Amino acid sequence: MKLWDKGFSTDKKIDHFTVGNDRELDLLLAKYDVIASKAHAKMLSKVGLITEEETKKLVKELDNITRCIEDGVFTIEDDFEDMHSKIEFVLTQRLGDTGKKIHTARSRNDQILVAMQLYLINELDEIKNEVKTLFDLLLDLAKKHKKVLLPGYTHLQIAMPSSFGLWFSAYAESLIDDLYFVEAARKIADQNPLGSAAGYGSSFPIDRNFTTHEMGFETLKYNVVAAQMGRGKVEKATAFGISSIAATLSKLAMDICLYMGQNFDFISFPDELTTGSSIMPHKKNPDVFELIRAKCNKIQAVPSQLTLITNNLPSGYHRDLQLVKEVIVPAIQDIKACLEMMLFSLKKIKVNTKILDDPKYDYLFSVDTLNELVKSGMPFRDAYKSMGKDIEAGTFTPKKDIKHTHEGSFGNLCLKEIQTKMEKLLA
């Protein structure tokens, strides 16, 4: 069954190519199509296009479909092109002509628009909650290990003293930046496109404000052409949001992979969170974090993929837009999985509290030792040259009882301020 069926069939090869994996993806979106259909049915009654009794019957059957979806028994067989055709078929099968009336004053174009936007709003909210949970854990770890010093690197060379408190809270505050992108994407998605039909509105006297409030959208996407042009754009905005999170997780995963190595030995995890080698019995590999790194790097390519699919399309609907679904939906599932695994693993991290006892890290303190000379009255440039000569001659003696007190340093992490920044964002 196709919503555009005119009584003749298309070649099976055409069907297979044009449908693609829509049926599989639509199983994730179906409940949102039902939400929009319920709002649409109530609106049709409100403006007099169907009766109140017909609306009650439609809503009741749509609720039954929702239960099937929630129970995991809703299917989209090969006989159907997508979720829209299957849902309308079920309504028609159970309600006869009343079921056929559900499509009055709407198009498959605005059906997928509104279902996708409701889906994205829900997924972005879930992602935001998962990021907040990871943020809280990172701040807790920063507080717990704030006094444990850690080598800081520039150019992968030993640079200056850092700390686990600084390291953990750095990633926590970076997640706030990521959520700014997520919030922007959510705001773009939170505009009701239903009623734009095929992209040029309808001659029926529909009430778009009613469906906006009924579905919980913040506002309308008023211009019907603009609503249609949102297809692909809202997905790309979402992609930028999740790719920002992915960049943070990928960098954190890379740090973890380095720090777990024997040449660093800064951190470790219980054996059950690592994997082994088929021939080397000593190996404890960070496979989880390597996969997080790789998956997150893939996610960072998603905005470019969507740009290439949608770039230079003129206004109006084009079948190219179908492909954005198969790019954004798996990416959303991947970022959620990466967040879940990072959270699960970091709860069990163990830190090495005696890293800087190794004399190879003495040069970490060169800048702080130099600064003491400056405090005693020596010009900075002279102190720099003097310290350089001592290092070259092998006579450098590090000053290790250092204090960093300014905001954001390892002696003053500003964890409360970072927490407040996140709370303001979420508020």
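User: How many helices and strands are there in the chain?
Analyst: The model is a predicted one. Counting its secondary structure elements, the chain has six strands. Its helices number 16.

User: What radius of gyration does the chain have, beside that of a compact globule of 427 residues?
Analyst: A compact globule of 427 residues would come out near 22 Å. Along the principal axes, the C-alpha atoms fill a box of roughly 95 × 55 × 40 Å. The radius of gyration of the chain is 29 Å.

User: What percentage of contacts in the chain between residues at least 6 apart in sequence join residues at least 24 apart?
Analyst: A contact here is a pair with heavy atoms within 4.5 Å. Of the 427 residues, 47% count as buried. Among contacts between residues at least 6 apart in sequence, the share that joins residues at least 24 apart is 78%.

User: How far apart do the centres of the positive and negative side chains lie?
Analyst: The chain carries 56 positive and 59 negative side chains. The centres of the two charge sets are separated by 2 Å.

User: What does helix H3 reach from its first C-alpha to its last?
Analyst: Helix H3 covers residues 52-70, which is 19 residues. At 1.5 Å a residue the expected span is 27 Å, and the model is close to that. From first C-alpha to last, H3 reaches 27 Å.

User: Which helices are included in what covers the buried residues of H3?
Analyst: The buried residues of H3 include Leu58, Leu62, Ile65 and Ile69. Glu54, Glu61 and Thr66 are also among them. The cover over the buried residues of H3 includes helices H2 (22-46), H4 (83-95) and H5 (97-100).

User: Is Thr75 buried, exposed or partly exposed?
Analyst: Just after H3, Gly72 takes a positive phi of about 80 degrees. Thr75 is placed in the loop between H3 and H4. Its relative accessibility is 38%, so Thr75 counts as partly exposed.

User: Which residues is Thr75 in contact with, leaving aside neighbours within four places in sequence?
Analyst: Ile87 is twelve residues from Thr75 in sequence, and their C-alpha atoms are 10.0 Å apart. With neighbours within four places left out, Thr75 is in contact with Leu27 and Lys86.

User: Why does His40 count as buried?
Analyst: His40 lies in helix H2. Beyond four places in sequence, His40 touches Ile102, Thr104, Ala105, Arg106, Leu194 and Thr211. Buried means under 20% relative accessible area. His40 is buried because its relative accessible area is 2%.

User: What is phi of His155 near?
Analyst: His155 is in the loop between strand E1 (149-154) and strand E2 (157-163). His155 is exposed, with a relative accessible area of 76%. Most residues other than glycine have a negative phi. His155 has a positive phi, near 60 degrees.

User: Is Cys414 buried or exposed?
Analyst: Cys414 sits in the loop between helix H15 (380-393) and helix H16 (415-426). Phi of Cys414 is positive, near 55 degrees, in a residue other than glycine. At 16% relative accessibility, Cys414 is buried.

Note on methods:
Residues are numbered from 1 along each chain as its sequence is written. This is a predicted model: local features need pLDDT of at least 70, side-chain atom pairs count only at pLDDT 80 or more; totals for chains, interfaces and linings use all residues. Side-chain values use heavy atoms; hydrogens and water are left out. Helices (H or I, at least four residues) and strands (E, at least two) are DSSP runs, numbered from the N terminus. The radius of gyration is taken over C-alpha atoms; the globule rule is 2.2 Å times the number of residues to the power 0.38. Buried means under 20% relative accessible area, exposed over 50%, partly exposed in between (1.4 Å probe, protein chains only). Lys and Arg count as positive and Asp and Glu as negative; His and the chain ends are not counted. The place of a charge is taken as NZ of Lys, CZ of Arg, CG of Asp or CD of Glu. The expected span of a helix is 1.5 Å times one less than its number of residues.
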